[in-house]
Amino acid sequence: MKKKLFTGISMLIVSVCFLTFTSAAQKDSTLNQRITKTFCDEFSKKDLAKIKPDQLDMEMGLIILDVIAKYEKDIKKEWGLSIENDEDMEKIGENIGRDAALNCPAFREYVVKNLDSFDTEEDDSQKTISGK
């Protein structure tokens, strides 16, 4: 009887943990999607022919700041990152950039067209990228 009770309680705990982690992952995914869509919508409004690669940082920075301001509370709640911390701001920007590169056709197209114009790090290490 104790064994059945222990097994039942263990299964309940595992189920609750699984549902909690699944729910958190779905929230984060939804936040990523909303942020990426907002960034992509704003980036798509820009006249890309007029934006030079050396001005892209400023343009993207302005867009990202607006997006961060819009979702500040959600970012703090779901990602645990604060706009008051420089390291956190860098992580937020990296998340937005990564997701935009994957899910925003206008941003991806611009990056591909101007890849040779972007400054690259000047170290001699070999860089690789892979993916599906």
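Trainee: What makes Asp 74 and Arg 34 a salt bridge?

Mentor: This is a predicted model, and in it the side chains of Asp 74 and Arg 34 meet at 3.5 Å, N to O. The cut-off is a Lys or Arg side-chain nitrogen within 4 Å of an Asp or Glu carboxyl oxygen. The 3.5 Å of Asp 74 and Arg 34 therefore counts as a salt bridge.

Trainee: Why does this pair tie together parts that are 40 residues apart in sequence?

Mentor: Asp 74 lies in helix 3, residues 72-79, and Arg 34 lies in helix 1, so the bridge ties those parts together.

Trainee: Why are Asp 74 and Arg 34 called partly exposed?

Mentor: Asp 74 has a relative accessible area of 23%. Arg 34 has 33%. Buried means under 20% and exposed means over 50%. Both values fall in between, so Asp 74 and Arg 34 are partly exposed.

Trainee: How many salt bridges does the rule give?

Mentor: The count comes to 5. One of them joins Glu 59 and Lys 46, at 3.2 Å, N to O.

Trainee: Which parts does the pair of Glu 59 and Lys 46 tie together?

Mentor: Glu 59 lies in helix 2, residues 53-70. Lys 46 lies in the loop between helix 1 and helix 2. The pair therefore ties together parts that are 13 residues apart in sequence.

Trainee: Is Glu 59 buried or exposed?

Mentor: Glu 59 has 18% relative accessibility. That is under 20%, so Glu 59 counts as buried.

Trainee: What makes Arg 98 and Asp 99 a salt bridge?

Mentor: Their side chains meet at 3.4 Å, N to O. That is within 4 Å, so the pair qualifies. Arg 98 is partly exposed, with a relative accessible area of 42%. Asp 99 counts as buried at 9%.

Trainee: Now the rings. How many aromatic pairs does the structure hold?

Mentor: The structure holds 3. In one of them, the rings of Phe 39 and Phe 43 have their centres 5.8 Å apart and their planes at 20°.

Trainee: Why is the pair of Phe 39 and Phe 43 called stacked?

Mentor: Rings pair if their centres lie within 6.5 Å, and planes under 30 degrees apart count as stacked. Phe 39 and Phe 43 meet both limits, at 5.8 Å and 20°, so the pair is stacked.

Trainee: Where do Phe 39 and Phe 43 lie?

Mentor: Both lie in helix 1, residues 2-45. They are 4 residues apart, about one turn of the helix. Phe 39 counts as buried at 1% relative accessibility. Phe 43 also counts as buried, at 1%.

Trainee: What makes the pair of Phe 43 and Phe 107 edge-to-face?

Mentor: The ring centres of Phe 43 and Phe 107 are 5.3 Å apart, with the planes at 80°. Planes over 60 degrees apart count as edge-to-face. At 80°, the pair of Phe 43 and Phe 107 is therefore edge-to-face. It links distant parts of the chain, with Phe 43 in helix 1 and Phe 107 in helix 5, 64 residues apart.

Trainee: How do you know that Phe 107 is buried?

Mentor: Phe 107 has 7% relative accessibility. The limit is under 20%, so Phe 107 counts as buried. Ring pairs link Phe 39, Phe 43 and Phe 107 into a cluster.

Trainee: Which residues does Ile 63 touch?

Mentor: Ile 63 touches Phe 39, Glu 42, Phe 43 and Lys 46, not counting residues up to four places away in sequence. Ile 63 is found in helix 2. Ile 63 is buried, with a relative accessible area of 5%. Ile 63 and Phe 39 are 24 residues apart in sequence and 6.6 Å apart in space, C-alpha to C-alpha.

Trainee: What lines the second largest pocket?

Mentor: The lining is Gly 97, Ala 101, Leu 102, Phe 107, Arg 108 and Ile 129. Helix 4 (86-103) and helix 5 (105-113) each give two or more residues to the lining. The largest share, 3 residues, comes from helix 4.

Trainee: How do the residues of that lining divide?

Mentor: They divide into 4 nonpolar, 1 polar and 1 charged. About 240 Å³ of space lies in the second largest pocket.

Technical notes. Residues are numbered from 1 along each chain as its sequence is written. This is a predicted model: local features need pLDDT of at least 70, side-chain atom pairs count only at pLDDT 80 or more; totals for chains, interfaces and linings use all residues. Side-chain values use heavy atoms; hydrogens and water are left out. On a 1 Å grid over the protein atoms alone, a cavity is a set of points where a 1.4 Å probe fits but cannot get out, and a pocket is an open set with protein on both sides within 12 Å along at least five of seven lines; lining residues have an atom within 4 Å of a point. Grid points are joined across faces, edges and corners, and a volume is the space filled by probe spheres set on the points. Ala, Val, Leu, Ile, Met, Phe, Trp, Tyr, Cys and Pro count as nonpolar, Asp, Glu, Lys and Arg as charged, and the others, Gly among them, as polar. Rings of Phe, Tyr and Trp (its six-membered ring) pair if their centres lie within 6.5 Å; planes under 30 degrees apart count as stacked, over 60 as edge-to-face and the rest as tilted. Buried means under 20% relative accessible area, exposed over 50%, partly exposed in between (1.4 Å probe, protein chains only). Contact means heavy atoms within 4.5 Å.
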